[in-house]
Amino acid sequence: MTVGTTPLTPGTKRGEARVRAEAEWATIPGLPLHIFRLAGIYGPGRGPFAKVRKGTARRIIKPGQVFSRIHVEDIAQVLAASLARPNPGAIYNLCDDDPAPPQDVIAYAAELLGLPVPEAVAFEDADMSPMARSFYAESKRVRNDKIKDELGVKLLHPTYKDSLRSMLDS
């Protein structure tokens, strides 16, 4: 399916609020609205390395759970491309090419650091805040075809593995 045609089916109050906000912005006459739907954001200062190094990282296992992600540099790249090629009314998913279970990201970060992979914890048994738990309420796998096809974006960080290696190298 193409971006913008897949029905939105939020499963959380936060998701419902986002859908309402998009709809309300769209009612403003003459507004050259562009909607950017961001996946989980990562990048310098927003990644798993600090938690793995501190020993506080957890691999929460919820079968079938997958998240799409986007690196901050790619967010900036998409916004710049949209400014260069405005298309009022466009809706863009901002994500990389590799939706993955969150536990895989933590495990890969530990491997890159040469540290033990944190123990797996079942979602049902995990001690988490209501906010953290809400992130697991939905599996979020989205596609980014439109940012590539319409805006000509070539991701700087096409996968979380590429990004984590790059972040560690720098």
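A residue counts as buried when its relative accessible area is under 20%, as exposed when that area is over 50%, and as partly exposed in between. The structure discussed here is a predicted model. With a relative accessible area of 49%, W25 is therefore partly exposed.

W25 belongs to helix α1, which covers residues 13–26. Together with I28 and L31, W25 makes a nonpolar surface patch of about 280 Å².

The same cut-offs apply to the charged pairs of the model. Side chains of opposite charge can pair when their charged atoms come close. In this model the count comes to four salt bridges. One of them joins the side chains of R37 and E22, with an N to O distance of 2.6 Å. This pair links distant parts of the chain, since R37 is in strand β1 (residues 35–38) and E22 is in helix α1, 15 residues apart. Both R37 and E22 are buried.

Another salt bridge is formed by D145 and R143, whose closest N and O atoms are 2.5 Å apart. D145 has a relative accessibility of 29% and so counts as partly exposed. R143, at 52%, is exposed, because its value passes the cut-off of 50%.

A further salt bridge connects D162 with R165, the closest N and O atoms being 2.8 Å apart. These two residues are three residues apart in helix α7, so about one helical turn separates them. D162 is partly exposed, with a relative accessible area of 27%, and R165 is likewise partly exposed, at 35%.

Helix α7 leads on to the open space in the model. Rolling a probe the size of a water molecule over the atoms shows where empty space is left. The second largest pocket has a volume of about 160 Å³. Its lining consists of 13 residues, of which G45, R46, G47, F49 and A50 lie nearest the centre of the pocket. Helices α2 (49–54) and α7 (160–169) each supply at least two residues of this lining. The most is given by α2, with five residues.

Which residues surround it, leaving aside neighbours within four places in sequence? H71 is in contact with Y42, G43, P44, H157, S163 and M167.

Terms used. Residues are numbered from 1 along each chain as its sequence is written. This is a predicted model: local features need pLDDT of at least 70, side-chain atom pairs count only at pLDDT 80 or more; totals for chains, interfaces and linings use all residues. Side-chain values use heavy atoms; hydrogens and water are left out. Patches are made of residues with over 30% relative accessible area and no salt bridge: like charges are joined within 9 Å, nonpolar side chains (Val, Leu, Ile, Met, Phe, Trp, Tyr) within 5 Å. Accessible areas come from the Shrake-Rupley method with a 1.4 Å probe; for residues, only the protein chains shown count as cover. Helices (H or I, at least four residues) and strands (E, at least two) are DSSP runs, numbered from the N terminus. Buried means under 20% relative accessible area, exposed over 50%, partly exposed in between (1.4 Å probe, protein chains only). Contact means heavy atoms within 4.5 Å. On a 1 Å grid over the protein atoms alone, a cavity is a set of points where a 1.4 Å probe fits but cannot get out, and a pocket is an open set with protein on both sides within 12 Å along at least five of seven lines; lining residues have an atom within 4 Å of a point. Grid points are joined across faces, edges and corners, and a volume is the space filled by probe spheres set on the points.
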